[in-house]
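Student: Hi! Could you walk me through this one?
Tutor: Happy to. Have a look first, and then ask away.

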Amino acid sequence: MPVGKVKKEDRWKMNKHRSSLILITGLPASGKSTIAHELEYRLFQQNVRAYVLDGDSVRKGLNKDLGFSASDRSENLRRAGEVSKLFIDAGIITIAAFASPYRSDRLKFRQLFNEGDFIEVYLKCDLTVCKSRDPKGLYRKASRREIQNFTGISDPYEAPDNPEIILETDKISVGEAVEQILIYLKKRGII
Ligand code: ADP
């Protein structure tokens with residue numbers, strides 16, 4: 001627990017909104033990064049302090065020593081969780097876009113936060129749609145076995161049992177998906 005004189009609740013008052021962690025989980029190409037950045041932009045336009053922690057960028061820096069084995073994925077998410085905790089304490093709505101394929105790792109992530117400060121958003125998208133989008137060409141590489149441990153192909157994705165929000169990104173647009181998250185944040189009194 002931080003020992004500073006300024007508390008999270010003081011920052012909330014100054015910001016005129018609460019902070020919370022939004023974990024966006026789903027298969028590769030289900031739209032995590034796209035939706036996270038659009039949500040950040042929409043919040044920014046409403047004077048809400050929000051920041052995206054993107055799996056890809058965290059892996060290039062903080063977690064560049066980690067690969068894609070189950071234990072490295074677990075450590076990847078653990079570190080992301082600890083960083084997210086600092087952001088939440090700083091009063092920022094933190095949008096964590098991480099494939100986070102294992103249920104047990106997501107549960108540990110959730111347990112770092114107070115109930116109510118954590119929102120799990122599951123992007124439910126058919127694997128065939130993800131494969132056809134393939135914006136980074138990774139499904140193609142994985143099917144040719146040029147990359148190993150690829151979620152959805154050679155590694156499992158364990159869908160959440162009880163996420164706060166489910167968005168069917170093979171049926172709705174990016175705009176509609178973001179709108180649903182904004183409605184949830186308003187309903188819960190976060191913004
Ligand atoms: P991820 O971060 O889950 O790997 P990305 O956001 O990088 O996925 O890629 C998703 C791709 O699918 C993008 O090119 C995006 O423009 C496209 N896309 C098409 N429809 C949707 C939708 N409804 N929601 C999210 N992304 C969509």
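**Chatting through the model**

Tutor: Let's start with Ala-29, which lies in the loop between β1 (21-26) and α2. Helices (H or I, at least four residues) and strands (E, at least two) are DSSP runs, numbered from the N terminus.

Student: Before we go on, what sort of model is this?
Tutor: This is a predicted model, where local features need pLDDT of at least 70 and side-chain atom pairs count only at pLDDT 80 or more, while totals for chains, interfaces and linings use all residues. Residues are numbered from 1 along each chain as its sequence is written, and side-chain values use heavy atoms, with hydrogens and water left out.

Student: OK, back to Ala-29. What is its phi?
Tutor: Ala-29 has a positive phi of about 75 degrees, although it is not a glycine. Most residues other than glycine have a negative phi.

Student: And is Ala-29 buried or partly exposed?
Tutor: Ala-29 is partly exposed, with a relative accessible area of 21%. Buried means under 20% relative accessible area, exposed over 50%, and partly exposed in between (1.4 Å probe, protein chains only).

Student: Where is Arg-145?
Tutor: Arg-145 is in the loop between α7 (138-143) and β5 (165-168). Arg-145 also has a positive phi, about 60 degrees, without being a glycine. Its relative accessibility is 69%, so Arg-145 counts as exposed.

Student: New topic: the ligand. Which residues are closest?
Tutor: The closest are Ala-29, Lys-32, Ser-33, Thr-34 and Ile-172, and 16 residues surround the ligand (each with a heavy atom within 4 Å of it). Helix α2 (residues 32-45) gives the largest share of that shell, four residues.

Student: How much of the ligand's accessible area does the protein cover?
Tutor: The protein covers 75% of the 570 Å² that the ligand has on its own. Such areas come from the Shrake-Rupley method with a 1.4 Å probe, and for residues only the protein chains shown count as cover.

Student: Let's switch to strands. Why is β3 called largely enclosed?
Tutor: Five of the five residues of β3 are buried, so the rest of the structure largely encloses β3. Ile-93, Ile-95 and Ala-97 are buried on one side, and Thr-94 and Ala-96 on the other.

Student: How does β3 pair with β2?
Tutor: β2 and β3 (residues 93-97) pair in the parallel sense over five bridges; two strands pair if DSSP finds at least two bridges between them. Asp-54 has Ala-97 as its bridge partner in β3.

Student: What about β1 and β3?
Tutor: β1 and β3 pair in the parallel sense too, over four bridges. Here Ala-97 in β3 is the bridge partner of Ile-24.
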